[in-house]
Amino acid sequence: MAKKPARNASRSDAGGEVATGVVHNMPEDLRKALIATPAARAVWEDITPLARNEWICWVISGKKAET
């Protein structure tokens with residue numbers, strides 16, 4: 001399967017581009033986790049920008065200073 005070009009990408013010097021959502025900014029810890037885990041990154045790159053946006057929203061909405 002040919003790799004699709006990353007749309008809406010977050011740039012990283014160490015890991016290249018990671019596709020992002022359409023509204024929310026990619027949290028740095030999520031970007032690093034995707035770069036460090038090739039299987040997760042492959043799935044991430046394969047889902048739609050809207051689906052990535054939902055995942056980003058879920059990640060940032062659950063973050064709290066105490067956690």
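Q: In this predicted model, why is K63 called partly exposed?
A: K63 has a relative accessible area of 42%. The class runs between the 20% limit for buried and the 50% limit for exposed, so K63, at 42%, counts as partly exposed.

Q: What makes the pairing of D29 and K63 a salt bridge?
A: The side chains of D29 and K63 meet at 2.8 Å, N to O. The rule asks for a nitrogen of Lys or Arg within 4 Å of a carboxyl oxygen of Asp or Glu, so this pair qualifies. It also links distant parts of the chain: D29 sits in helix 1 and K63 in the segment after helix 3 (49-61), 34 residues apart.

Q: How do you know whether D29 is buried, exposed or partly exposed?
A: Look at its relative accessible area, which is 44%. Buried needs under 20% and exposed over 50%, so D29 is partly exposed.

Q: Why is R31 called buried?
A: The relative accessible area of R31 is 8%. That value is under the 20% cut-off, so R31 is buried. R31 still has a charged partner: its side chain meets that of E28 in a salt bridge at 2.2 Å, N to O. E28 itself is partly exposed, at 41% relative accessibility.

Q: How far apart in helix 1 are R31 and E28?
A: They are 3 residues apart, which means a separation of about one helical turn.

Q: What makes R41 and E45 a salt bridge?
A: Their closest N and O atoms are 3.8 Å apart. The limit is 4 Å, so the pair counts. Both residues lie in helix 2 (residues 38-46), 4 residues apart. R41 is buried, with a relative accessible area of 16%, and E45 is buried, also with 16%.

Q: How do you know that the buried residues of helix 1 line one face?
A: The buried residues of helix 1 (residues 28-36) are L30, R31 and L34. Seen down the helix axis, they fall within an arc of 100°, so they line one face. K32 and A36, on the other side, are exposed.

Q: Which residues make up the largest nonpolar core?
A: There are 7 of them: V18, A19, M26, L30, L34, W44 and I56. Strand 2 (16-19) and helix 1 each give two or more residues to this core.

Q: Why is V22 called partly exposed?
A: V22 has 48% relative accessibility. Exposed requires over 50%, and buried under 20%, so V22 falls in between.

Definitions and conventions. Residues numbered from 1 in each chain as written. Predicted model: local features only at pLDDT ≥ 70, side-chain atom pairs only at ≥ 80, totals over all residues. Heavy atoms only, no water. Buried < 20%, exposed > 50% of the residue type's maximum accessible area, 1.4 Å probe, protein only. Arc of directions from axis to C-beta. Core = buried A, V, L, I, M, F, W, Y, C linked by side-chain atoms within 4.5 Å.
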